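Here is a short note to read alongside the model. Keep the structure open and find each residue as you go.

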Amino acid sequence: MRQSFTDETRKRVVCEHIRDGRTIASLAAEYGVSTATISNWVRSYREECQTNDSEKSQLELMEEIRKLRQEKTELEKENQFLKKAAAFFAKEID
């Protein structure tokens, strides 16, 4: 039996993949869709962005959000490391 998904659902899945960096496998498990289907949705959306300027700007914004979130996570890890290092060296001085 073939499932039918609304355009809204397809767009949500594609956005979660592009903007949030979720894997296709995790989205497939959550929504009950095959990985191939989600890959096709993502490919179709990227192709649509080539001709539609408003969608292209949306795609660029989603990719920028994902990039900034990754950078934030990395900076938080580095900050935690530096806090621990500072605490370690403060003990050494005493």
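**Notes on the helices and the core**

1. Start with His-17, which sits in helix α1. Bear in mind that this is a predicted model.

2. Is His-17 buried or exposed? His-17 counts as buried, because its relative accessibility is 18% and the cut-off for buried is under 20%. Now look at what surrounds the side chain. Setting aside neighbours within four places in sequence, His-17 is in contact with Arg-22, Thr-23, Ile-24, Leu-27, Val-42 and Arg-66.

3. Check the length of α1.

4. Next, see how α1 meets α3. Their axes come within 10 Å and cross at roughly 85°. The two helices are therefore roughly perpendicular to each other. On the α1 side, the contact is made by Arg-10, Lys-11, Val-13, Val-14, His-17 and Ile-18. On the α3 side, Ile-38, Trp-41, Val-42, Tyr-45 and Arg-46 make the contact.

5. Not counting residues up to four places away in sequence, Trp-41 touches Phe-5, Arg-10, Val-13, Val-14 and Val-33.

6. Trp-41 also belongs to the largest nonpolar core, which has 17 residues. Trp-41 is one of the residues with the most contacts inside this core, together with Val-13, Val-14, Ile-18, Val-33, Ile-38 and Tyr-45. Which helices supply the core with at least two residues each? They are α1, α2, α3 and α4. The most comes from α3, with five residues. As background, nonpolar side chains tend to be buried together in soluble globular proteins.

7. Turn to α2 and α3. They pack at an angle of about 115°, and their axes are 9 Å apart. These helices are therefore roughly perpendicular to each other. Their crossing is right-handed. From α2, Ile-24, Ala-25, Leu-27 and Ala-28 meet Thr-35, Ile-38 and Ser-39 of α3.

8. Then take α3 and α4. Their axes are 6 Å apart, and the packing angle is about 125°. That angle makes α3 oblique to α4. Is the crossing left-handed or right-handed? The crossing of α3 and α4 is left-handed. From α3, the contact involves Tyr-45, Arg-46, Glu-48, Cys-49 and Thr-51. From α4, the partners are Asp-53, Glu-55, Lys-56, Gln-58, Leu-59, Met-62 and Glu-63.

9. Finish with α4 itself. This helix has 41 residues, running over residues 53-93. At 1.5 Å a residue, α4 should span 60 Å. Its end C-alpha atoms are 59 Å apart, which agrees.

10. Where are the buried residues of α4? Glu-55, Leu-59 and Met-62 are buried. The cover over the buried residues of α4 includes α1 and α3. An α-helix has 3.6 residues a turn, so residues three or four places apart point the same way.

Terms used
Residues numbered from 1 in each chain as written. Predicted model: local features only at pLDDT ≥ 70, side-chain atom pairs only at ≥ 80, totals over all residues. Heavy atoms only, no water. Helix = DSSP H or I, 4+ residues; strand = E, 2+ residues; numbered from the N terminus. Expected span 1.5 Å × (residues − 1). Buried < 20%, exposed > 50% of the residue type's maximum accessible area, 1.4 Å probe, protein only. Contact = heavy atoms within 4.5 Å. Core = buried A, V, L, I, M, F, W, Y, C linked by side-chain atoms within 4.5 Å. Axes fitted to C-alpha atoms, helices over the stretch in contact; angles between N-to-C directions. Parallel < 35°, antiparallel > 145°, perpendicular 65-115°, else oblique. Left-handed = near helix turned anticlockwise from the far one by under 90°.
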